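Subject: Structure for your review

Dear colleague,

Please find the structure below, together with its sequence. My notes on what was found in it follow.

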There are 2 protein chains.
Amino acid sequence: MKKVGVAILGLGTVGGGTYRIITEHREFYQKTQDIDLDVECVLELNKDRIAALGVPAEKVAANIAEVVSNPNVDIVVEMIGGIGVARTFVQAALNAGKSVVTSNKELIAKYSYELEHIARRKNCGLYYEASCVGGVPIIRTLLDGLQANCILSMMGIVNGTTNYILDKMTNEGASYEEVLKQAQALGYAELDPTSDVEGFDSTYKLSILSSMAFHTKIPYTKIYREGITTISQEDIAYGKELGYVIKLLAIGKNTPSGIEVRVHPTYVRDNHPLASVNDAFNAVYITGDAVDDVMLYGRGAGDLPTGSAVVSDVIFAATHSDIKYSTFKNTANADKQTKFVTNFSSAYYLRMTVNDKVGTLGKIATIFARQNVSIGEMIQKDCDENGNVTLIFITHETKEQSIKTAVSKIASLENVCKVDSLLRVVS
Amino acid sequence: MKKVGVAILGLGTVGGGTYRIITEHREFYQKTQDIDLDVECVLELNKDRIAALGVPAEKVAANIAEVVSNPNVDIVVEMIGGIGVARTFVQAALNAGKSVVTSNKELIAKYSYELEHIARRKNCGLYYEASCVGGVPIIRTLLDGLQANCILSMMGIVNGTTNYILDKMTNEGASYEEVLKQAQALGYAELDPTSDVEGFDSTYKLSILSSMAFHTKIPYTKIYREGITTISQEDIAYGKELGYVIKLLAIGKNTPSGIEVRVHPTYVRDNHPLASVNDAFNAVYITGDAVDDVMLYGRGAGDLPTGSAVVSDVIFAATHSDIKYSTFKNTANADKQTKFVTNFSSAYYLRMTVNDKVGTLGKIATIFARQNVSIGEMIQKDCDENGNVTLIFITHETKEQSIKTAVSKIASLENVCKVDSLLRVVS
């Protein structure tokens, strides 16, 4: 039976989960995968973590040089995170001819080309299933399950923290600030939540997944991004009334005029499969030209769920000797040719506060008409104590530029107090 | 660029879809997969099908011998169905050293061992992603995406016809007979619907998927089976009231006491992800010991969706030269050791009609208590014109034998007119 030695760099949440899965399943993989998979060594400075997992002292490496020069290490698992030492260590491992498995989305979104270049040169593999959507095998599915398709679009709930926050705001009626505090107390959100709540984390994942789905390099910097910090209880409540829930979606589309990539809070029709992805669960909804609609759903984070993706990559690397690269083929120059669409089409939800004066609605309607924005639904809410009314519009599909021009013109109308919110809509 | 020649046996719905996908994506696969994939020949007796697809005359083979002796054929796609010529042709292709891709669930459920034995001997591959859940890459996911896990359970809606029928019965209030007629008129159900509505089709798929998930041979004959023909509007309506929808589930569990496999209509809690799988869609809900819950959702049938699975297998076979078998490893004798649990545990829904007489409920409760059946919920409905009342019970988890004994004793009580239905419940 083939012996496969693994080195784990970093024993944090996912590193610890990975350690546990490999050690606890050794006999199981001998039986089911015909390999003897074992942790050869770990690299971790925090002694408490080493003790908590019961890692034998002789398996604790002193430094990265010791790891990459160890002939019994076949695969290096990078679980450090960030783009500092993680990048250096992954380079070192690949340069030593070791295949690498990582859960580091920022590293892959920013440096996959550089790292894959080394992997190709050294004839070893680079795998990162765990970088996107936790334990859900979305990358394997794109590479080996749906590869007969030209993928037309993907829409994903790929960040558990924001989905948890939106879910609690929706179901418990709490404000964004309250729920964020709860989430931080529970460890679901970082003390500095910017990367999650402003959508950066989702752009890294969308960059990786859309690059793979559309067979071209999609830099995360090309992705339009809006976070969830301005989502209000009003918009959640009106959504319920109109049959929508608000989700932070990462959307990629492969259109005849180019690639469209964006991350923003979205009204999702409540009978859409993505609408019932609750709590910290994640899901990706993919449309292919042959398969039509497919959805993958599961836990987007956590020690064992994400560890499942890591160890599945490890087993794949160990058992499939002829597959060296986990990403797309033949795309050396694709990034230079790729066209990006920024003036995309969508339906929109618009909420505004206006003075209840004769003629206001007519002026708004005229602006919409001039911008070719067609209204699908409109609601007017009762006058408040200041004589203001709330107007809500759901538009038919229209261009981003048209709606933004319309909004800026409407905002400057005399009797319009404020355009409170603008959200994109998916049916 | 590697040339890959495909032979398609049978140009029915899925065979035709496969032909279209391969011919229409030739340039796309050259770019994205680095292979020149082409249909080398087809075997089909029906001239109309050949004409409809525009297959050139020189690509129409005269017989199977011509196909398997053609040195340009690398992969044979079997889309004939059934276990007659399909079996002989697959044997012939494998014996000639050609890898085979098939969508034939009955063939694989009944003869996978025999066929894999030939494939192993001849060092070629046998792939059957398309045999289960249409275009959803469930087999690839079990083999290469979740293989780090010991799979604990799977619950699937794996038959589109029955899901369509139950969906229409639920949403349009029509009877089973009415909806079946509609489904037959639309081509969603066969003229002889037995295989679908009695659950045989689901047992073939569960046999294939659970064998793979649990790394042992699970003959379809070991699967407990109940169809949907006796589902009534009453049970659907009471389900709605109690917060459940009825789905035909294929359930496999890997328990400490053995393997549990069953296909039956089930009350599924309406907030469960499987509850919102509507129309002819399919889904499989998998629980692994590391990944926790994962669900895959998509179209379970159709020319292009199922063709997507076929062609993805073809590309996998063409590009991954070291992977010869699509199924489990090291299970030569597994089937002899496998223990099956038939007295499984479940929660149950019980509906009965009783005479509205003092003491009846007490007698029923006594029978439940003696069989160790604990009641979670009970509803009594108003008296009808005959002085009969409907009693509905939802039990806590209990043993199949206990509930069946209880039902038979209750049915023989003096004031019990009838035990109308017994359904298993999933929360």
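In chain A, five strands make up an open sheet whose order is β2-β1-β3-β4-β5, with parallel pairing. The edges of this sheet in chain A are taken by β2 (35-43) and β5 (126-127); each has a single partner strand, so one side of each is left without a neighbour in the sheet. Please bear in mind throughout that this is a predicted model.

The pairing of β1 with β2 in chain A can be described in more detail. Strand β1 (residues 2-9) of chain A pairs with β2(A) in the parallel sense, over eight bridges. Within β2(A), A:Cys41 is the residue that stands opposite A:Ala7.

**The sheet of chain B**

Chain B holds an open sheet of five strands in the order β2-β1-β3-β4-β5, and the pairing is parallel. Here β2 (35-43) and β5 (126-127) of chain B are the edge strands, and because each has a single partner strand, one side of each is left without a neighbour in the sheet.

- Strand β1 (residues 2-9) of chain B and β2(B) are joined in the parallel sense by eight bridges; B:Ala7 stands opposite B:Cys41 in β2(B).
- β1(B) also pairs in the parallel sense with strand β3 (residues 75-78) of chain B, over four bridges. B:Val77 in β3(B) is the bridge partner of B:Ile8.
- Strand β4 (residues 99-102) of chain B pairs with β5(B), again in the parallel sense, over two bridges. Opposite B:Val100 stands B:Leu126 in β5(B).

**Domains of chain A**

The domain assignment divides chain A into domain 1 (2-134 + 305-319), domain 2 (138-299) and domain 3 (345-426). The centres of domain 1 and domain 2 of chain A, taken over C-alpha atoms, are separated by 28 Å. Between these two domains of chain A, 11 residues of domain 1 are in contact with 15 residues of domain 2. On the domain 1 side of chain A that touches domain 2, helix α6 (residues 105-122) of chain A gives the most, with five residues. That side of domain 1 of chain A consists of six nonpolar, two polar and three charged residues.

**Where the two chains meet**

How many residues of chain A are in contact with chain B? The contact involves 47 residues of chain A and 47 residues of chain B. On the side of chain A that touches chain B, α2 (26-33), α7 (138-144), β11 (292-299) and α13 (303-319) of chain A each supply at least two residues. By class, this side of chain A has 20 nonpolar, 18 polar and nine charged residues.

Strand pairing also links the chains: β11(A) and strand β11 (residues 292-299) of chain B run antiparallel and are joined by five bridges. In that pairing, A:Val294 stands opposite B:Gly298 in β11(B).

**Helix packing in chain B**

Two helix pairs of chain B deserve a description. In one, helix α1 (residues 13-24) of chain B and helix α13 (residues 303-319) of chain B have axes that come within 8 Å and cross at roughly 65°. Angles of 65 to 115 degrees count as roughly perpendicular, and α1(B) is therefore roughly perpendicular to α13(B). Their crossing is right-handed. The residues of α1(B) that meet α13(B) include B:Thr13, B:Val14, B:Ile21 and B:Ile22, while those of α13(B) include B:Asp303, B:Leu304, B:Val310 and B:Val311. The contact of α1(B) with α13(B) is made up of six nonpolar, seven polar and one charged residue.

In the other pair, helix α6 (residues 105-122) of chain B packs against helix α11 (residues 200-214) of chain B at an angle of about 55°, with their axes 9 Å apart. α6(B) and α11(B) are therefore oblique to each other, and α6(B) passes α11(B) in a left-handed crossing. From α6(B), B:Lys105, B:Glu106, B:Ile108 and B:Ala109 meet B:Tyr204, B:Lys205, B:Ser207 and B:Ile208 in α11(B). By class, the residues of this contact of α6(B) with α11(B) are four nonpolar, one polar and three charged.

With kind regards

Methods
Residues are numbered from 1 along each chain as its sequence is written. Chains are lettered from A and ligands numbered from 1 in the order in which they are written. This is a predicted model: local features need pLDDT of at least 70, side-chain atom pairs count only at pLDDT 80 or more; totals for chains, interfaces and linings use all residues. Two strands pair if DSSP finds at least two bridges between them. Two residues are in contact if their C-beta atoms, placed from the backbone, lie within 7 Å. Ala, Val, Leu, Ile, Met, Phe, Trp, Tyr, Cys and Pro count as nonpolar, Asp, Glu, Lys and Arg as charged, and the others, Gly among them, as polar. Axes are lines fitted to C-alpha atoms, for helices over the stretch in contact, and angles run from 0 to 180 degrees between N-to-C directions. Angles under 35 degrees count as roughly parallel, over 145 as roughly antiparallel, 65 to 115 as roughly perpendicular and the rest as oblique. A crossing is left-handed if the near helix is turned anticlockwise from the far one by less than a right angle, and right-handed if clockwise. Domain bounds come from an automatic or database domain assignment.
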